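Welcome, and please open your viewer. We will walk through this protein stop by stop, with something to select at each one.

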Amino acid sequence: MKIYRNPGHEEWAEITARPHLDTRQLEATVAGVLADVKERGDEAVMDYEERFDHVRLSSLAVTKEEMDEAEAVVPQELKDAIELAHNNIRRFHEAQFFAPIKVEVAPGVVCSQRSLPIEKVGLYIPGGTAPLFSTVLMLATPAQLAGCKETVLCTPPDRQGRVNPAILVAARTAGVSRVFKAGGVQAIGAMAYGTETVPKVYKIFGPGNQYVMAAKQQVSLGDVAIDMPAGPSEVCVIADETANAAFVAADLLSQAEHGIDSQVLLITTHEGLPRKDIAAQALANSRLVLVKSKDEAMELSNAYAPEHLIIQTSDWLVMAGKVVNAGSVFLGEYACESAGDYASGTNHTLPTHGYATAYSGVNLDSFCRKITFQRLTPEGVMDIGPAVETMAEAEQLMAHKNAMTLRINSLR
């Protein structure tokens, strides 16, 4: 456990630093796989499935029969939990609908804006030892609410060529259009470029390992949009002397469970908290910072910009008002990260690696585009036309000026 006691600001860069990975070799490998998928389509995807997921597929598409079989084998208790979570996620994201706006900014100049769904979106869902069926709900539910015409899901199959049943149940519950058996870089390539079976999409969402993240970054440079850049999952807990040490430890452990590269940071004003045996055990692979005040704790958290921020203080409501940079915030002793990861209704696809300074977590807007419209009447032309002419001429764009000058002269 790395402990910092009342660190000066000069130490904050070290405290808030994320591990740096040398990805040069990885990037080259990813680029090669993407190029192959772009050239050979389904054949390349199936070859890589055999190589990386150790299964030889005859088809990439999940059939209706496979979806029905999944419904039959998933326990009712889990199906009920999936349904509850889906309903809460839907309720919260429904409230995010954008209201169209229409403004007469000047006499005869009317500007408006409305929201339209991205027509085709792709969802990547990791499989393996911890298939993230909860992420299906987090991504497909707002996609369906937004009105996306096609929602494509790619996820790796097991060695028998089957997709995890809970993933399929969640996909059906949340309204996924089609599911394909493809994982890793080859899945990202298939959705970015399109194959004989997998349709090309306009935006790709979803978590993954460093190869998947590198693939998303590469295809985003010119082929398709992505939800956000991402790194390993992370949590920051701010706790004072009133915090329940067992709850704090449980929150830290739940984050560490994501993987060995998960980031765990505890900021506390209370020297006694980390001395609790259970908290010390949880902090074995994490960082603890003892600060002098809650204001300093929040300042450090904002500098860290965590994916998840848990505030276990007596004045959590006051502290919440001081949050500037965070992906999702959990307030008070009962709001554990697990609630947001599964069923509270907020989205768990969040910016990591400090990107919360500039990125939002996935929300309804992530699946939409805002389009603006403008209408000018003759009055509007005469009102703003001279300014347009002056500005265009100042930028030496005379064709721009001429387009307005012709309209002004037509009205004289």
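Two strands count as paired if DSSP finds at least two bridges between them. Keep that in mind as you look around, and remember that this is a predicted model.

**Stop 1**

Select strand E9 (residues 234-239) and strand E10 (residues 263-268), which pair in the parallel sense over six bridges. Now pick Val 237 and look across to E10, where Leu 266 is its bridge partner.

**Stop 2: the three-stranded sheet**

Move on to E2, E3 and E14, three strands that form an open sheet in the order E2-E3-E14 with antiparallel pairing. Which strands stand at the edges here? They are strand E2 (101-106) and strand E14 (368-376), each with a single partner strand, so one side of each has no neighbour in the sheet. Neighbouring strands of this sheet are turned by 25° against each other on average, direction ignored. Zoom in on E2 and strand E3 (residues 109-117), which pair in the antiparallel sense over five bridges. There you can find Lys 102 standing opposite Ser 112 in E3.

**Stop 3: the nonpolar cores**

Select Val 136, Leu 153, Val 176 and Phe 367: of the 36 residues in the largest nonpolar core, these touch the most other members. Among the elements that each supply at least two residues of this core are helix H4 (64-73), helix H5 (76-94) and helix H6 (133-146). The largest share, eight residues, comes from H6. Centre the view on Val 176 and look for its contacts beyond four places in sequence: Leu 123, Val 136, Ala 140, Thr 151, Leu 153 and Ala 171. Apart from this core lies another, of 33 residues, including Leu 26, Cys 154, Ala 187 and Ala 190.

**Stop 4: helix H9**

Is helix H9 (residues 210-219) largely enclosed or largely open? Seven of its 10 residues are buried, so H9 is largely enclosed by the rest of the structure. Colour Val 212, Met 213, Ala 214, Ala 215, Lys 216, Gln 218 and Val 219 to see the buried ones. They pack against helix H2 (24-40), E4, H8, E7 and strand E8 (225-226). At the start of H9, a side-chain oxygen of Asn 209 reaches to within 3.0 Å of the backbone nitrogen of Tyr 211.

**Stop 5: Thr 195**

Finish in the loop between helix H8 (184-193) and strand E7 (203-205), where you will find Thr 195. At 15% relative accessibility, Thr 195 counts as buried, because the cut-off for buried is under 20%. The side chain of Thr 195 makes a polar contact with the side chain of Asp 42 at 2.5 Å, and it reaches the backbone nitrogen of Thr 197 at 3.1 Å. Leaving aside neighbours within four places in sequence, the contacts of Thr 195 include Val 37, Gly 41 and Val 45.

Note on methods. Residues are numbered from 1 along each chain as its sequence is written. This is a predicted model: local features need pLDDT of at least 70, side-chain atom pairs count only at pLDDT 80 or more; totals for chains, interfaces and linings use all residues. Side-chain values use heavy atoms; hydrogens and water are left out. Helices (H or I, at least four residues) and strands (E, at least two) are DSSP runs, numbered from the N terminus. Axes are lines fitted to C-alpha atoms, for helices over the stretch in contact, and angles run from 0 to 180 degrees between N-to-C directions. Buried means under 20% relative accessible area, exposed over 50%, partly exposed in between (1.4 Å probe, protein chains only). Contact means heavy atoms within 4.5 Å. A polar contact is a pair of N or O atoms within 3.5 Å; within protein, one must be able to donate a hydrogen and the other to accept it, and residues adjacent in sequence count only if both atoms are side-chain atoms. A nonpolar core is a set of buried Ala, Val, Leu, Ile, Met, Phe, Trp, Tyr and Cys residues joined through side-chain atoms within 4.5 Å.
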